[in-house]
Amino acid sequence: MTNKKFYSKKISNILIISSSMKYFKKIEDSLKFLKKENDKSFYKVNKYLKIIFITDKVKFFNELFTKDRIWMTGYNIFNEKTYDFKYIASLFLHESHHITQYLSGHKNTGTKAEKMAYLIQRRFLKKIKYNDAVKWLDDQYKDKWWKLMNKDEKNKNYFRKLLSLYKNKKLKIRNVKI
């Protein structure tokens, strides 16, 4: 795992670490869109989310390390065909809300915490009139996606190992300016 190269780029106040440079543009577009649509929401994301970490070893799974304010995610979220920059902006809001739950002493996992983050994400999607995404998100919420992810020990363990390597400076990360 330590032989894999990663790239990093700071976008606003958020450090993006990725196994591929191709994801930087979509993240930047998502943050610009968020700022244009709702400056207060952009401020929240920019303040609370410190690191977005993308790996090509995982497809869909993602995990938020609230104490560290690091969101680790699989590559498929950023593929061109999967989610667009508008939906990704709403995901940033969702994950940032979990961080604010944690920092304010509230529970940031489980059904109640997910419902609050889902409602914030949904409200943003409604505001921008992204009705297809609202419907899709509602369907995912009904399926209780967080319960499915909690059962995925393989990917949870991979992310925990990756986080440990990052914290112990054992990853090869090259800063890029593009």
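Is phenylalanine 85 partly exposed or buried, and what is its relative accessible area? I looked it up: Phe85 is partly exposed, at 31% relative accessible area (buried is under 20%, exposed over 50%, partly exposed in between, with a 1.4 Å probe and protein chains only).

**Ground rules.** I am working on a predicted model, where local features need pLDDT of at least 70, side-chain atom pairs count only at pLDDT 80 or more, and totals for chains, interfaces and linings use all residues. Residues are numbered from 1 along each chain as its sequence is written, and side-chain values use heavy atoms, with hydrogens and water left out.

**Helix H1.** I checked the length of H1, residues 24–37 (helices are DSSP runs of H or I with at least four residues, strands are E runs of at least two, numbered from the N terminus). Its 14 residues should span 20 Å at 1.5 Å a residue, and the end C-alpha atoms are 20 Å apart, so the two agree (the expected span is 1.5 Å times one less than the number of residues). I listed its buried residues as Phe24, Lys26, Ile27, Ser30, Leu31, Phe33 and Leu34. They pack against strands E1, E2 and E3 and helices H2, H3 and H4.

**H1 against H2.** I get an angle of about 135 degrees, with the axes 5 Å apart (axes are lines fitted to C-alpha atoms, for helices over the stretch in contact, and angles run from 0 to 180 degrees between N-to-C directions). That makes the two helices oblique (under 35 degrees is roughly parallel, over 145 roughly antiparallel, 65 to 115 roughly perpendicular, the rest oblique). On the H1 side I found Leu31, Leu34, Lys35 and Glu37 in contact with Asp39, Ser41, Phe42 and Val45 of H2 (contact means heavy atoms within 4.5 Å).

**Rings.** My search of the whole structure gave 14 aromatic pairs (Phe, Tyr and Trp rings, six-membered for Trp, with centres within 6.5 Å; planes under 30 degrees apart are stacked, over 60 edge-to-face, the rest tilted). Phe33 and Phe85 are edge-to-face, 5.4 Å centre to centre with 80 degrees between the planes. This pair links H1 to H3 across 52 residues. Phe33 counts as buried, at 9% relative accessibility.

Tyr118 and Tyr141 are stacked, since their centres are 4.0 Å apart and their planes at 10 degrees. Tyr118 is in H4 and Tyr141 in H5, so the pair ties together parts 23 residues apart in sequence. I noted both tyrosines as buried. Ring pairs also link Tyr23, Trp71, Phe78 and Phe92 into a cluster.
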